Amino acid sequence: MNRSSPAESLDKETTPEALIERFGRDLVNDFDLDDPAFNDRFDETLNFMAHKCPVVHSKVGKGYYMINTQDDVRAAAQDWQTFSSAKGYMPNRPDGLPYLMPEESDPPIHTRWRRVLNPHLSPKVCAGYEQVVRDDANALIDKFIDRGECEFISEFGALLPGWAFFKNVLGLPIDDLAMLVNGVEEGTFALDLDERARNFGEVFEYLDKHLQWRSTQPSRGDLIDTILAGVTYDDGTESPWEHKVSILVDLTFGGIATTTFVMGSAIHHLATNPDQRQLLIDNPELVENAIEEYARFFPPVVALGRTATTDVEVAGTTIKEGEFVMLTYACASRDPRHMDEPEKIDLSREGIPHSTFGVGPHRCIGSNLARIELIATLEEWLKRIPEYRVKPGGEPTYVTGFLRSMRTLQLEW
Ligand code: HEM
């Protein structure tokens, strides 16, 4: 195949031999998002790639590229004509999986949907949910505060985002949250691709039923009713039922599979850095800045994919028409060309140029809600449990693929 190697223009730290010695594999020509070593050495790998590897290639399955610098990620994310979302966002997508709107579509279909969905998650609308989210954060803390310890993820971090989204926005019963969280997690991280597809299938089925039920109910004027009303595409056709279900699935994935990692990582960082905890307690006005820095440094969306619609060159690497390309938002947010000491967490960092919520037309629709959840978590937690630490032996565990999540974190106070 006439493909120029991403390794061609790189220095001696990025020769295959040097990479294999340091990382156990040739990151530049043989990357794998699902490699357990990437999960274990996440920060080190990201920092290295952000400095040294503008583009890497994976041989897994049909193969994929990863674009790693902030300028290139931004340019590709804006250029949807060249980097299309319509063939999916995950590499080696299991066959038969329905495409998710709006994520796996391009303008003008994408624009039609975003136009009607955006108002339901605007900064103003989300500000109206803030008190409920704070109350929920406190209700969760009430359940374990007297015990003097908790498993943060299952008792708080995996619950608050789902509660915030289900109660305020979707009107889904929170009793079904555990099943959906599990379905989304297994659908994303299960090593067996059939297992991923089966779990996705269950989430689809549940949300399809919910949408059908709501279509029999009086209108509430909420997000679900907007989805049910659908949109008219440019060719005059009405959005089909499958598109409506997939909108709900996409929103549910975003609503419950992401914020937990930033939350858990922030709480862990403050558990292990008492001076930073004190800084936020003494300067609560820093919390808003701190959550941007945490979002920058702990990106739940490591990378999302596009398909090249034509041959294109990125940082000296030729990507052929039809090849799959990941935009590594996680690396872009650590690009040393755009910030000082990107490998350090600095809660007072000014003008944090991160790409954690994506860039361009697909930029995260839920970022306003996510920010409210994160601010409420830090503020309410530090008010109620200002002194706490990681329980001996309770260090966080993680799972990583194109998303990253924290599985467990034991705390005590
Ligand atoms: C810290 C939390 C979150 C992070 C880091 C995050 C990250 C992202 C990123 C990087 C994208 C861009 C996708 C792309 O380029 O293809 C995205 C899109 C999206 N996010 Fe989020 N997200 C978060 C929270 C949420 C929440 C709470 C919701 C739901 C309320 C949500 C729903 C969505 C949806 C539906 C899209 C697709 C938008 C489109 O394709 O137009 N996200 N998110």
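Biologist: Let's start with Glu 341. Is that residue buried, partly exposed or exposed?
Modeller: Glu 341 is exposed, because 10 other C-beta atoms lie within 10 Å, and 12 or fewer counts as exposed. Keep in mind that this is a predicted model.

Biologist: And where does Glu 341 sit?
Modeller: Glu 341 is in the loop between helix H17 (329-332) and helix H18 (367-384). Its phi is positive, about 40°, although Glu 341 is not a glycine.

Biologist: What other residue has a positive phi although it is not a glycine?
Modeller: Ala 315 is one, with a phi of about 45°. You'll find Ala 315 in the loop between strand S6 (312-314) and strand S7 (317-319).

Biologist: How exposed is Ala 315?
Modeller: Ala 315 is partly exposed, since it has 14 other C-beta atoms within 10 Å.

Biologist: Okay, new topic: peptide bonds. Which bond to Pro 102 is cis?
Modeller: The one from Met 101 to Pro 102 is cis, and its omega is near -5°. Pro 102 belongs to the loop between strand S3 (83-84) and helix H5 (109-117).

Biologist: What about the bond from Pro 107 to Pro 108?
Modeller: That peptide bond is cis too, with omega near 5°. Pro 108 is in the loop between S3 and H5.

Biologist: Now the ligand. How many residues surround it?
Modeller: There are 29 residues around the ligand, and the closest are Gly 254, Thr 258, Gly 358, Cys 364 and Gly 366. The elements that give two or more residues to that shell are helix H13 (241-256), helix H14 (259-272) and H18.

Biologist: Which element gives the most to the shell?
Modeller: H13 does, with four residues.

Biologist: Let's talk helices. How do H10 and H11 cross?
Modeller: The axes of helix H10 (residues 177-189) and helix H11 (residues 193-215) come within 7 Å and cross at roughly 145°. The crossing of H10 and H11 is left-handed.

Biologist: Which residues make the contact?
Modeller: From H10 there are Leu 180, Gly 183, Val 184, Glu 186 and Gly 187. On the H11 side, the contact includes Glu 195, Arg 196, Phe 200 and Tyr 206. By class, the contact of H10 with H11 has five nonpolar, three polar and four charged residues.

Biologist: Last topic, strands. What holds paired strands together in a sheet?
Modeller: Strands of a sheet pair through backbone hydrogen bonds, in either a parallel or an antiparallel way.

Biologist: In what order do S4, S9 and S12 come in their sheet?
Modeller: The order is S4-S12-S9, in an open sheet of three strands with antiparallel pairing. Strand S4 (149-151) and strand S9 (389-390) are the edge strands, and each pairs on one side only.

Biologist: How many bridges pair S4 with S12?
Modeller: Three bridges pair S4 with strand S12 (residues 410-412), in the antiparallel sense. As an example, Glu 151 has Gln 410 in S12 as its bridge partner.

Biologist: And what do S10 and S11 form?
Modeller: S10 and S11 form a hairpin, with three residues between them. Strand S10 (residues 397-400) and strand S11 (residues 404-408) run antiparallel and are joined by four bridges. To spot one on screen, look for Val 399, whose bridge partner in S11 is Ser 405.

Key. Residues are numbered from 1 along each chain as its sequence is written. This is a predicted model: local features need pLDDT of at least 70, side-chain atom pairs count only at pLDDT 80 or more; totals for chains, interfaces and linings use all residues. A residue is buried if 20 or more other C-beta atoms lie within 10 Å of its own, exposed if 12 or fewer, and partly exposed in between; C-beta atoms are placed from the backbone. Two strands pair if DSSP finds at least two bridges between them. A residue is near a molecule or strand if its C-beta atom, placed from the backbone, lies within 6 Å of it. Axes are lines fitted to C-alpha atoms, for helices over the stretch in contact, and angles run from 0 to 180 degrees between N-to-C directions. A crossing is left-handed if the near helix is turned anticlockwise from the far one by less than a right angle, and right-handed if clockwise. Two residues are in contact if their C-beta atoms, placed from the backbone, lie within 7 Å. Ala, Val, Leu, Ile, Met, Phe, Trp, Tyr, Cys and Pro count as nonpolar, Asp, Glu, Lys and Arg as charged, and the others, Gly among them, as polar.
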